[in-house]
Amino acid sequence: MPLAIPGGGDAKPYIRYQASANSWQMSGVDGKPVEFQFSQPAVFDIQNVQLGWLLLETGNRDWQPWPDNNPTGKPQGEYKAGFEVDVYSKAMFGDEPVRSYSSNATGSTMFIQELYNTAEQAPEFAQGKSPVVQITGSKPIKVGKGNTRVPQFTILKWIDRPGVFDGHDEPASAPAPAPKAAPAPAAAAAADEF
């Protein structure tokens with residue numbers, strides 16, 4: 001059996017949005033990005049979004065979080081304000097259902113800011129619940145002399161914050177009780193499969 005020594009750095013599975021291609025990507029089994037369709041709902045741990053300075057360049061990623069999400073002095077180099085948030089979906093992410101979404105790109109930061117600001121207005125946010133979010137597409141916008149796309153979303157419902165965000169195993173599914181009424185429509189049932 002060949003010897004496999006893991007590489008250094010952050011090996012946490014990730015997702016990312018590429019505005020230039022209007023596509024979502026996630027880390028594959030070899031760590032390289034694989035395109036996927038954000039077609040199912042996902043739980044965003046938006047209450048625990050972390051802000052900071054993020055440097056992204058070929059072969060290098062450096063993340064310097066801000067204490068209490070308050071900006072600190074900008075490091076030298078091409079750092080930009082960015083974010084990092086965990087996203088959970090067994091339906092889309094399979095064996096690695098919790099993935100990190102981090103970016104310093106304009107479209108992604110605008111999306112996370114809008115998601116946070118919308119979620120914060122809901123009473124469930126103050127109760128510590130997490131939003132189940134459906135990505136509904138993207139909107140092209142002009143920023144300065146350039147263009148970008150901002151992911152659009154709908155909050156479908158709120159749930160208790162999943163323990164998997166803290167590294168706890170997912171609870172075993174309890175058998176569903178016998179239905180008392182007609183089964184839910186397929187679209188409503190799909191919303192529970194995140």
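Q: Which residue in β10 stands opposite Pro140?
A: It is Arg149 in β10 that stands opposite Pro140, and the two strands around them, β9 and β10, pair in the antiparallel sense over 13 bridges. Please keep in mind throughout that this is a predicted model.

Q: How many residues lie between β9 and β10 in their hairpin?
A: Two residues lie between β9 and β10 in this hairpin, and Gly144 in the turn has a positive phi of about 60°.

Q: And β2 and β3, what do they form?
A: They form a hairpin as well, with five residues between the strands, and here Gly31 in the turn has a positive phi of about 90°. The strands β2 and β3 run antiparallel and are joined by four bridges, and within this pairing Trp24 stands opposite Phe36 in β3.

Q: Going back a step, how many helices and strands are there in the protein?
A: The protein has four helices and ten strands. If you follow the elements from the N terminus on, they run β-β-β-β-β-β-β-α-β-α-α-β-β-α.

Q: OK, new topic: which residues touch the most other members of the largest nonpolar core?
A: That core has 28 residues, and those touching the most other members are Ile15, Trp24, Phe38, Phe44, Tyr101, Phe111 and Ile112. Several elements each supply at least two residues of this core, among them β1 (14-18), β7 (80-88), β9 (130-143) and β10 (146-159), while α2 gives the most, with four residues.

Q: What does Ile112 touch, leaving out residues up to four places away in sequence?
A: With those set aside, Ile112 touches Phe44, Ile46, Val49, Phe83, Val85 and Tyr101. There is also a second, separate core of seven residues, which includes Val43, Val132, Val164 and Phe165.

Q: How much of the protein is buried?
A: Buried residues make up 36% of the 194 residues in the protein.

Q: I keep seeing rings; how many aromatic pairs does the structure hold?
A: The structure holds 14 aromatic pairs. One of them is formed by Trp53 and Trp66, whose ring centres are 5.2 Å apart and whose planes meet at 75°, and because planes over 60 degrees apart count as edge-to-face, this pair is called edge-to-face.

Q: Where do Trp53 and Trp66 sit in the chain?
A: Trp53 is in strand β5 (residues 50-57), whereas Trp66 is in the loop between β6 (60-65) and β7, so the pair links distant parts of the chain, 13 residues apart.

Q: Are Trp53 and Trp66 buried or exposed?
A: Trp53 has a relative accessible area of 12% and is buried, and Trp66, with a relative accessible area of 8%, is buried too. Elsewhere, ring pairs link a cluster whose members include Tyr17, Trp24, Phe36, Phe38 and Phe44.

Notes. Residues are numbered from 1 along each chain as its sequence is written. This is a predicted model: local features need pLDDT of at least 70, side-chain atom pairs count only at pLDDT 80 or more; totals for chains, interfaces and linings use all residues. Side-chain values use heavy atoms; hydrogens and water are left out. A nonpolar core is a set of buried Ala, Val, Leu, Ile, Met, Phe, Trp, Tyr and Cys residues joined through side-chain atoms within 4.5 Å. Buried means under 20% relative accessible area, exposed over 50%, partly exposed in between (1.4 Å probe, protein chains only). Contact means heavy atoms within 4.5 Å. Rings of Phe, Tyr and Trp (its six-membered ring) pair if their centres lie within 6.5 Å; planes under 30 degrees apart count as stacked, over 60 as edge-to-face and the rest as tilted. Two strands pair if DSSP finds at least two bridges between them.
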